[in-house]
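Here is a guided walk through one protein chain. Look at the sequence and the structure together, and keep both in view as you read.

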Amino acid sequence: MQRYDYLIVGAGMVAANAVDGIRERDSEGSIGILGAEPRGPVTRPALSKKLWTDPEFGYDKIWMQPEQDPGTTLHVDTRVSAIDRQARKVTTSAGETFGYGQLLLATGCEPIRLDLAESERVRYFRSVDDYDHLRRLAGENRHIAVVGGSYIGSELAAALIQNDCRVTLICPEPVLGGGMLPPEVADRLHQTYLDHGVALLSGRKVKAGREADGTVTLELDDGSELAADGVMFGLGVEPCTELAQAAGLEIDGGILVDERLRTADAAIYAAGDVATYPDRILGRWHAEHVDNANCQGAAVGRIMAGSDEAYTHTPYFYSNVFDIAWKALGRLDATLDIVTDSHADKGVYYYLESGRVVAVLLLGFDEAPLDAAREVLAEPGPQDATTLSGRIPLA
């Protein structure tokens, strides 16, 4: 049995950042990373953004390569099937065992799937392998259907229409982004996709699909069908909590951890997409975005290696499509009361619940005032248009 001082299950961005965090405090401890994917950690947002839209951002720039640290070993194609908390070891699906001094669960998320099998033309977009498949399929005016109006779905549709594809985007909301964005922002987003040539089938869902003779045919909930050369699903994700749950750890939307990112087992931590943690401003929180992966990954590494810190960072999330760029913190829910402070294409949108600001959306800023938004979120209120107007300057 191989044994590591620090064993990380999951080979994503959290794992790579955790190695950096560990090394800030411990230059000698052995680190092992067990990843189910065939290659190591990558900067995942690039798979639906910069690799498609920035010609200077090459494929070689996505790899994070924590294994270049001389005390770190990356095990790819390795899926952990069980944790023995008493013996401090994990077992893989291939029957290998790895011991640990401290264990980090960074298992991330899996895409939500329908009853349509993956193939060269059908992918539930998440990994580098999915990107590679789509790159081979894209171009030459092929028709790609993108299913889902989430971050992944909307970003893929924007990327593909800019890379010699015909694109149909199928989303359940009548207006793209309408469940999350203020009505005027959602309307602008929706129209921008139409202006760039994306065919929008909004207010519809996919019921079933079939593939034959190089064509994928989707059956929609209104009784119609859509044929395409390929289909990319971006229906959202679900945290991979099964391993932790089987080990008896508490689950609440993700693996439940304290302010030091530790589970009820003092030797086991969780971070990133899979963790539910106490955010100092937002309360019990679950974040599936890159800022959290970077900051929480580095923090949990330091904590595992002896730091007495707590994780106090409130992460932001963002999207960039066509000429629309925004960053936000908190819970974006368009059914909440929204106070708007905007001018031209720049705006600050405050989402209020019972008089308290629970989210801030920053649209069109070159340098988004995230700390100012955090200050507003931290205040108990009550707030309204009179107290919030001009609070975060637009200049």
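The text below starts with the whole chain and then turns to single places within it.

This is a predicted model: local features need pLDDT of at least 70, side-chain atom pairs count only at pLDDT 80 or more, and totals for chains, interfaces and linings use all residues. Residues are numbered from 1 along each chain as its sequence is written, and side-chain values use heavy atoms, with hydrogens and water left out.

Begin with the overall build. The protein chain has nine helices and 25 strands. Helices (H or I, at least four residues) and strands (E, at least two) are DSSP runs, numbered from the N terminus. The radius of gyration is 22 Å, close to the 21 Å that the globule rule gives for 395 residues, so the chain is as compact as a globular protein of that length. That radius is taken over C-alpha atoms, and the globule rule is 2.2 Å times the number of residues to the power 0.38. Along the principal axes, the C-alpha atoms fill a box of roughly 60 × 55 × 40 Å.

How much of the chain is buried? Of the 395 residues, 53% are buried. Buried means under 20% relative accessible area, exposed means over 50%, and partly exposed lies in between (1.4 Å probe, protein chains only). The accessible surface comes to about 17100 Å², and 45% of it belongs to carbon and sulfur atoms. These areas come from the Shrake-Rupley method with a 1.4 Å probe; for residues, only the protein chains shown count as cover.

Among contacts with a separation of 6 or more, 60% are between residues 24 or more positions apart. A contact means heavy atoms within 4.5 Å. Charges come next. The chain has 36 positive and 60 negative charges, and their mean positions are 2 Å apart. Lys and Arg count as positive, Asp and Glu as negative; His and the chain ends are not counted. Each charge is placed at NZ of Lys, CZ of Arg, CG of Asp or CD of Glu.

Now go to helix H3, residues 128-137. Seven of its 10 residues are buried, so H3 is largely enclosed by the rest of the structure. Those buried residues are Val128, Asp130, Tyr131, Asp132, His133, Leu134 and Leu137. What covers them? The cover includes H2, S8, strand S9 (142-147), H4 and strand S15 (230-233).

Ser127 sits in the loop between strand S8 (122-124) and H3. Ser127 caps the N-terminal end of H3: a side-chain oxygen lies 3.3 Å from the backbone nitrogen of Asp129. At 11% relative accessibility, Ser127 is buried. Not counting residues up to four places away in sequence, Ser127 touches Glu37, Arg44 and Leu47. After H3 comes Gly139, with a positive phi near 100 degrees.

Move on to helix H4 (residues 151-161), which holds Ala159. Is Ala159 buried or exposed? Ala159 counts as buried, at 1% relative accessibility. Leaving aside neighbours within four places in sequence, Ala159 is in contact with Ser48 and Trp52. Ala159 and Leu47 are 112 residues apart along the chain, yet their C-alpha atoms are separated by 9.9 Å.

Ser48 lies in the loop between strand S2 (31-34) and helix H2 (50-53). Ser48 is buried too, at 4% relative accessibility. Its side chain makes a polar contact with the side chain of Glu155 (2.9 Å). A polar contact is a pair of N or O atoms within 3.5 Å; within protein, one must be able to donate a hydrogen and the other to accept it, and residues adjacent in sequence count only if both atoms are side-chain atoms. Beyond four places in sequence, Ser48 is in contact with Phe125, Ile152, Glu155, Leu156 and Ala159.

Finish with some backbone details. Gln65 lies in the loop between H2 and strand S3 (72-75). Its phi is near 55 degrees, a positive value in a residue other than glycine. Gln65 is partly exposed, with a relative accessible area of 37%. Asp164, in the loop between H4 and strand S10 (165-171), has a positive phi near 60 degrees. Asp164 counts as partly exposed, at 47% relative accessibility. Last, a cis peptide bond joins Gly381 and Pro382, with omega about 5 degrees. Pro382 is found in the loop between helix H8 (370-378) and helix H9 (385-388).
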